[in-house]
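Hi everyone, thanks for making time this morning. I'd like to walk you through one structure, so please have a look at the screen.

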Amino acid sequence: MDRLLLAAALVAAASTVAGVLRRRGRRDAPTQPRGAVPSQLDRADFRGEGVPWLVAVFTSDACSTCADVVDKARVVASTEVEVVVASFQERRDLHERYAIDAVPCLVVAGPDGVVHAGFLGPVTATDLWAAVAEARDPGSVRTPGSGCSGHSGED
């Protein structure tokens with residue numbers, strides 16, 4: 001009986017030591033990516049549900065770059081493209097729903113809500129126009145090196 005108690009005590013002690021060593025050796029989880037552009041939107045979350053294309057701009061009132069991106073986005077608005085500005089202060093629910101943690105964040109989504117293009121930070125008017133054109137008509141925008149001598153400078 002003494003041997004059985006001694007064996008049980010040794011097993012308990014070994015388990016405790018193993019647990020302590022395992023905790024000491026545990027590392028923090030790898031850094032997770034931040035600042036990702038959503039890959040899909042629910043079009044019902046945004047006005048213009050009947051309009052085929054959506055340009056959603058996630059902003060903050062405290063962001064000076066956001067105003068420039070909003071101005072460029074508003075230019076692409078048409079009967080086929082709805083532009084919606086979602087300020088963090090006014091539409092925090094959308095920022096949380098789509099895990100927007102960096103602004104400005106601009107996405108071009110189709111009728112089904114699938115995001116065809118996205119930008120974090122400043123965007124040129126040329127890049128925005130090209131993204132909307134390519135989303136609406138794939139293959140319409142030539143890529144660099146395809147023989148097209150397009151505009152290459154900043155706006």
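Predicted model: local features only at pLDDT ≥ 70, side-chain atom pairs only at ≥ 80, totals over all residues.

Four strands make up an open sheet, and reading across, the order is β2-β1-β3-β4, with mixed pairing. At the edges sit β2 and β4, each of which pairs on one side only. From one strand to the next, the twist averages 15 degrees.

Let's look at one pair in there. β1 and β3 are antiparallel partners, joined over 5 bridges.

Now the helices. α2 lies across β1, β2 and β3, and its direction is at about 165 degrees to β1. α4 packs on the sheet too, touching β1, β2, β3 and β4, and it makes about 165 degrees with the direction of β4.

Let me stay with α4 for a moment. This helix has 12 residues, 125-136, and at 1.5 Å a residue it should span 16 Å; the end C-alpha atoms are 16 Å apart, so expectation and model agree.

Which residues of α4 are buried? They are A125, L128, A131, V132 and A135. These cover an arc of only 130 degrees around the axis, so they lie on the same side of α4.

And what covers them? The cover includes strands β1 (53-59), β2 (81-87), β3 (105-109) and β4 (115-120), along with helix α2 (64-75).

That's my tour, and I'm happy to take questions!

Terms used. Residues numbered from 1 in each chain as written. Heavy atoms only, no water. Helix = DSSP H or I, 4+ residues; strand = E, 2+ residues; numbered from the N terminus. Expected span 1.5 Å × (residues − 1). Buried < 20%, exposed > 50% of the residue type's maximum accessible area, 1.4 Å probe, protein only. Arc of directions from axis to C-beta. Contact = heavy atoms within 4.5 Å. Pairing = 2+ DSSP bridges. Axes fitted to C-alpha atoms, helices over the stretch in contact; angles between N-to-C directions.
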